[in-house]
Amino acid sequence: MDPTLIDKSATILVTGHRGLVGSAVVRKLRFLGYANLLLRTQSELDLTSQSSVDAFFAAHKPNYVILAAAKVGGIHANNTYPADFITINLQIQTNVITSAFKHNTIKLLFLGSSCIYPKFAPQPIPESALLTAPLEPTNEWYAIAKIAGIKMCQAFRIQHSFNAISAMPTNLYGPNDNFHPENSHVLPALLRRFHEAKTNNVGEVVVWGSGTPLREFLHVDDLADALVFMMENYSGLEHVNVGSGKEVSIKELAGLIKEVVGYQGKIVWDSSKPDGTPRKLMDSSKLASLGWEPKISLKEGLEDTYRWYLENVVAQQ
């Protein structure tokens with residue numbers, strides 16, 4: 001266990017603290033009693049500016065860094081703005097990692113994504129699948145940047161003995177997720193659609209595909225718990241997968257969301273629409289062997305997320 005992190009007065013920089021992951025990390029750290037968190041919005045600190053980031057580190061000298069800031073988006077955004085996705089992510093990571101090392105940060109944790117793995121990776125996907133085959137073309141710009149971040153952490157460890165680690169989460173959901181009708185992921189999109197169908201007394205909800213693809217979901221509060229666990233218990237060269245280890249079909253997911261929302265109509269499957277990858281599951285046995293396991297069931301997590309949606313999205317409309 002890293003003794004310094006037990007010190008509740010340690011300064012911890014959480015980048016991207018308003019996003020899905022960063023906000024969960026902040027909730028977790030505050031719950032554990034860490035009072036000295038360094039949090040800056042994009043307008044307060046431009047992470048793409050090397051001089052701004054370096055000046056910030058020189059002034060505040062954070063003991064720990066959790067690098068959760070990133071430019072993220074769906075397939076359409078990746079296809080439309082590939083230059084933004086590769087450039088902005090490379091800039092953020094490079095600036096933060098180099099400044100953290102230069103200004104004597106004790107430990108840094110870099111957040112990746114499951115999209116770093118090859119399109120046809122073995123299932124469940126082990127850490128060793130990285131760079132063994134071509135990526136999914138639709139988000140390779142983002143994936144290449146994230147892979148570079150993992151390699152940068154490894155390079156700084158090898159050359160400078162800098163304690164930089166990387167975590168690769170599976171599909172995440174929870175408070176502060178994106179519930180946008182056009183460009184959100186499957187879980188928040190379904191939650192919104194069932195809620196709106198219930199509110200407007202619509203008799204059926206049409207869902208794309210057959211419902212057979214298998215997916216893995218992790219509540220973002222479980223991820224935050226895993227990241228703090230890794231900061232305290234892991235200092236290895238290899239990146240670490242963080243998943244729930246539990247698969248659910250899209251059909252089961254839709255049924256659970258329907259139940260949580262309290263929608264009384266029926267679900268219609270439009271099998272003329274594409275299904276996507278038949279199975280996507282991460283092998284999180286490495287993290288399990290270190291002693292961490294998820295605690296929030298999918299049903300419980302969906303109830304929590306729907307509550308947040310009602311209080312923070314619906315209430316603001």
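Leu-13 has Leu-38, in strand β2, as its bridge partner. The model is predicted, so local features need pLDDT of at least 70 and side-chain atom pairs count only at pLDDT 80 or more, while totals for chains, interfaces and linings use all residues. Residues are numbered from 1 along each chain as its sequence is written, and side-chain values use heavy atoms, with hydrogens and water left out.

**The sheet and its helices**

Helices (H or I, at least four residues) and strands (E, at least two) are DSSP runs, numbered from the N terminus. Two strands pair if DSSP finds at least two bridges between them. An open sheet of six strands has the order β2-β1-β3-β4-β5-β9, with parallel pairing. Its edge strands, β2 (37-38) and β9, each pair on one side only. Strand β1 (residues 12-15) is joined to β2 by two bridges in the parallel sense.

Helix α2 lies across β1, β2, β3 (64-67) and β4 (107-111), and runs at about 155° to β1. Helix α6 (residues 140-160) also packs on the sheet, where α6 touches β4 and β5 and makes about 155° with the direction of β5. Contact means heavy atoms within 4.5 Å. Axes are lines fitted to C-alpha atoms, for helices over the stretch in contact, and angles run from 0 to 180 degrees between N-to-C directions.

Ser-166 is part of strand β5 (residues 164-169). Buried means under 20% relative accessible area, exposed over 50%, and partly exposed in between (1.4 Å probe, protein chains only). Ser-166, at 3% relative accessibility, is buried. Leaving aside residues up to four places away in sequence, Ser-166 touches Phe-110, Ile-150, Cys-153, Met-230, His-239 and Val-240.

**Salt bridges**

Side chains of opposite charge can pair when their charged atoms come close. A salt bridge is a side-chain nitrogen of Lys or Arg within 4 Å of a carboxyl oxygen of Asp or Glu. The count by this rule is twelve salt bridges. Three of them are tabulated here.

| Salt bridge | N to O distance |
|---|---|
| Asp-221 and Arg-27 | 2.7 Å |
| Glu-238 and Lys-286 | 2.7 Å |
| Lys-273 and Asp-270 | 3.2 Å |

The side chains of Asp-221 and Arg-27 meet in a salt bridge. This pair links distant parts of the chain, with Asp-221 in helix α8 (residues 220-233) and Arg-27 in helix α2 (residues 20-31), 194 residues apart. Asp-221 is partly exposed at 26% relative accessibility, and Arg-27 is partly exposed at 33%.

Glu-238 and Lys-286 likewise form a salt bridge. Because Glu-238 lies in the loop between α8 and β9 (240-242) and Lys-286 in helix α10 (residues 285-290), the pair ties together parts that are 48 residues apart in sequence.

**Aromatic rings**

Rings of Phe, Tyr and Trp (its six-membered ring) pair if their centres lie within 6.5 Å; planes under 30 degrees apart count as stacked, over 60 as edge-to-face and the rest as tilted. The structure holds eight aromatic pairs. Phe-179 and Trp-308 are stacked, because their ring centres are 6.1 Å apart and their planes are at 25°. Phe-179 lies in the loop between β6 (171-173) and α7 (186-199), and Trp-308 in helix α11 (residues 298-312), 129 residues apart. Phe-179 and Trp-308 are both buried.

Phe-179 and Tyr-309 form a tilted pair, because their ring centres are 4.8 Å apart and their planes are at 45°. Ring pairs join Phe-179, Tyr-306, Trp-308 and Tyr-309 in a cluster.
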